[in-house]
Amino acid sequence: MSTENNYKIATELKQMISVAQAHHYQIIPEYAEEQALSFKTCAAHTETLQNELQIVFGKEVHLISIHHDDFQKYLSVNYRVNQNKKTNKLSYSDDFLLKIIYEAKEIGSSDIHFEAFEEKCRVRFRIDGKLIERYLVDLKEYPILINRIKIMAQLDISEKRLPQDGRIHINSGNDEFDIRVSVLPTLHGEKIVLRLLSKDSTNIQLETLGFTELELRRFQENIKKPHGMVLISGPTGSGKTTTLYASLKVLNTEFSNIVTIEDPIEYTLEGVNQVQLKETIGLDFPNTLRTFLRQDPDIIMVGEIRDADTANMAIRAALTGHTVLSTIHTNSAWATISRLIDMGIPPFLIASTLNMSVAQRLVRKLCKHCKTKHPITPTLLPEFFSIPKHWKTHFKAIGCTLCHHTGYHGRKAIYEIIPFSPELTEMIKSNQLDITQYLIEKNIPTLQTNAIELVSAGVTSIDEIYPLLC
């Protein structure tokens, strides 16, 4: 059992106090009764603390003294705060929904899930790609919370049978951001997912995303070409949009007219003309792309190529002398070609317009302070995976206070970049879709190759890259 699980407390207990209270009073809930509460603490003056807590909670309070190190582990696992911020800039509110939103924003959560089941309702935060249960909500209170979200997102509170999508703007005085709202009817009630969208794009830089030196040079060369298309592929949540924004920041000059069609607009970029998709009124990808071509653009960014119409319009824009950047859902950079062919795009058009195909994944980075080194053994890897001769060691996630006892801290992108040379273009035109030997000859690393290098260097773990080895 991991350290994180050893020090994890039940959600019902966790939500008894706020993150601020846990850190200020140095307390961790132990149990709760109707007339009494019990807390673990490492505080020295327990009698003074006990009297203050009895006034705060209006109940009899019992304190259990534990070692300082154990207390810090409990605090780190259950009441995490953003280590990069010295002070909490967001002002908390008595409003329970705003309290949840501000807390999620403060600790770097990307999504908040509100879920209803037969006997309980819960709230979970997605942090570094993993969901963590944070609150339990009373069955009677859950509909009130859902309606509060709907009202803020200007959705129909009487409609409970159909999905709805909306948007919330939050301005706390110190921070300003938007939230994408998705409502889904389920068996026991409506499930809502809030996607927290940061307007601040200052920290997005190509150099910090995870490219190797060679990959960064290849990527920059191809996005700066005066025409043609660059496609970035990967599953939902793999960082494709962030890579697109970082690319736009490089291309954004006073001499370029950049237009984008997005769903949603995750970051605002000064000097870029950004359009929010609204399919309900006909403002979809294909129609907007047609209009873009009459707007004298130099660079066009399409949030996602979802269908044949969008693909055809993007190809047409690239053929007529524009640079087109977009994303597509495929498993590898080369699979993008097959996906476009399946959409009905002729191979010769793909070969004429595609400058570069990129695939990417996000993996969690091991905590530098607690990871441990171990030898590679076949039992750790998929059955038919052939271990490269140079791969001798790997690192395991252990967990410490600095990483909230998860063993990981932050995430990093892994890339597979295929620039389209004349030789590769001819292979596409002649339907030669096996390019394994070509990648080896041209020294083009795959997602799997780069993933193994990261594990060998101690950046991430085998668990994080395991799907790429299968």
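## A residue in strand β2

Strands, written E, are DSSP runs of at least two residues, numbered from the N terminus. With that in hand, let's visit Ser38, which sits in strand β2 (residues 36-41). Keep in mind that this is a predicted model.

Is Ser38 buried or exposed? Buried means under 20% relative accessible area. Ser38 has a relative accessibility of 1%, so Ser38 counts as buried. Leaving aside residues up to four places away in sequence, Ser38 touches Ile28, Pro29, Glu30, Tyr31, His62 and Ile64.

Next, look for an open sheet of six strands, in the order β6-β5-β4-β9-β8-β7, with antiparallel pairing. Which strands stand at its edges? They are β6 (130-137) and β7 (164-171); each has a single partner strand, so one side of each is left without a neighbour in the sheet. On average, neighbouring strands of this sheet are turned by 20° against each other, direction ignored.

The partner of β6 is worth a look: strand β5 (residues 121-127) is joined to β6 by seven bridges, and the two run antiparallel. Here Cys121 stands opposite Val137 in β6. Helix α6 (residues 96-106) packs on the sheet, where α6 touches β4 (111-116), β5, β6, β7, β8 (176-186) and β9 (189-198). The direction of α6 makes about 160° with that of β6.

How many residues of strand β14 (residues 323-328) are buried? Six of its six residues are, which leaves the strand mostly covered.

Two strands to find beside β14 are β10 and β13. Strand β10 (residues 228-233) runs parallel to β14 and is joined to it by six bridges; Leu231 has Ser326 in β14 as its bridge partner. Strand β13 (residues 299-302) also runs parallel to β14, with four bridges between them, and Ile299 has Thr323 as its bridge partner in β14.

## Two packed helices

Two packed helices are described by the angle between their axes and the distance between the axes. For helix α10 (residues 285-292) and helix α11 (residues 308-319), the angle is about 15° and the axes are 8 Å apart. That makes α10 roughly parallel to α11, and their crossing is left-handed.

Which residues meet here? Phe285, Pro286, Leu289 and Arg290 in α10 meet Asp309, Thr310, Met313 and Ala314 in α11. By class, this contact has five nonpolar, one polar and two charged residues.

Conventions
Residues are numbered from 1 along each chain as its sequence is written. This is a predicted model: local features need pLDDT of at least 70, side-chain atom pairs count only at pLDDT 80 or more; totals for chains, interfaces and linings use all residues. Side-chain values use heavy atoms; hydrogens and water are left out. Axes are lines fitted to C-alpha atoms, for helices over the stretch in contact, and angles run from 0 to 180 degrees between N-to-C directions. Angles under 35 degrees count as roughly parallel, over 145 as roughly antiparallel, 65 to 115 as roughly perpendicular and the rest as oblique. A crossing is left-handed if the near helix is turned anticlockwise from the far one by less than a right angle, and right-handed if clockwise. Contact means heavy atoms within 4.5 Å. Ala, Val, Leu, Ile, Met, Phe, Trp, Tyr, Cys and Pro count as nonpolar, Asp, Glu, Lys and Arg as charged, and the others, Gly among them, as polar. Buried means under 20% relative accessible area, exposed over 50%, partly exposed in between (1.4 Å probe, protein chains only). Two strands pair if DSSP finds at least two bridges between them.
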